[in-house]
Amino acid sequence: MSSEDNNRLTLFIDGASSGNPGPSGIGVVIKRLTEDTIVKKESKSIGNATNNIAEYQALLLGLREAHKLGVKELVINTDSQLLARQLNGYYKIKSPNLVSLYNEAKRLISAFHRVVINEVRREGNEEADRLAKLAIKEGIRAGQMVAPT
């Protein structure tokens, strides 16, 4: 990957919760901005959480991974209306459980030269969604979480 391609990436994120709160997972897909080439994918079980906490955890993981790659410009795609609108300044953060996650996200975002946060339809975020749901199943199978009843 050329350094120009490495400086401009697209981040697809999703958090999922089976129950709310319940067993949760996150999915992250990082692609080159100029083409559809996947640079990195990650799926991770995060234990029991709400869907909004899972969304923020996916964002934080994606931002950290993009930072490790030396990215300067990042386009973030999320199907979480709440996350996108909070980070873009349209919604206030009302849940005390999200304040520290929001603050950490803003801190990490400030390290990039340019960040655009897009709210996308679920159909535009299928791979991250698949990875988040897979993480829930793997977490339950590994005994890290209890399956919802």
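Predicted model: local features only at pLDDT ≥ 70, side-chain atom pairs only at ≥ 80, totals over all residues.
**Entry 1: α2 and α4**
I started with helix α2 (residues 51-68) and helix α4 (residues 96-109), which pack with their axes 10 Å apart and at an angle of about 20°. Angles under 35 degrees count as roughly parallel, so I put α2 and α4 down as roughly parallel to each other. I also looked up the hand of their crossing, and it is left-handed.

Next I listed who makes the contact. From α2 I have N52, I53, Y56, Q57, L59, L60, L63 and R64. From α4 come N97, L98, L101, Y102, E104, A105, L108 and I109. Sorted by type, the residues of this contact are eleven nonpolar, three polar and two charged.

**Entry 2: the core**
Then I went to the largest nonpolar core, which has 30 residues. The members touching the most others are I13, Y56, L59, L63, L74, I76 and L87. I checked which elements give two or more residues to this core: β1 (8-17), β2 (22-32), α2, β4, α3 (81-87) and α4. Helix α2 has the largest share, with nine residues.

**Entry 3: I13 and T78**

Is T78 buried or exposed? Its relative accessibility is 0%, so T78 counts as buried. Leaving out neighbours within four places in sequence, T78 is in contact with I13, E55, L83, A84, N118, E119, V120 and N125.

Note on methods: Residues numbered from 1 in each chain as written. Heavy atoms only, no water. Buried < 20%, exposed > 50% of the residue type's maximum accessible area, 1.4 Å probe, protein only. Contact = heavy atoms within 4.5 Å. Axes fitted to C-alpha atoms, helices over the stretch in contact; angles between N-to-C directions. Helix = DSSP H or I, 4+ residues; strand = E, 2+ residues; numbered from the N terminus. Parallel < 35°, antiparallel > 145°, perpendicular 65-115°, else oblique. Left-handed = near helix turned anticlockwise from the far one by under 90°. Nonpolar A, V, L, I, M, F, W, Y, C, P; charged D, E, K, R; others polar. Core = buried A, V, L, I, M, F, W, Y, C linked by side-chain atoms within 4.5 Å.
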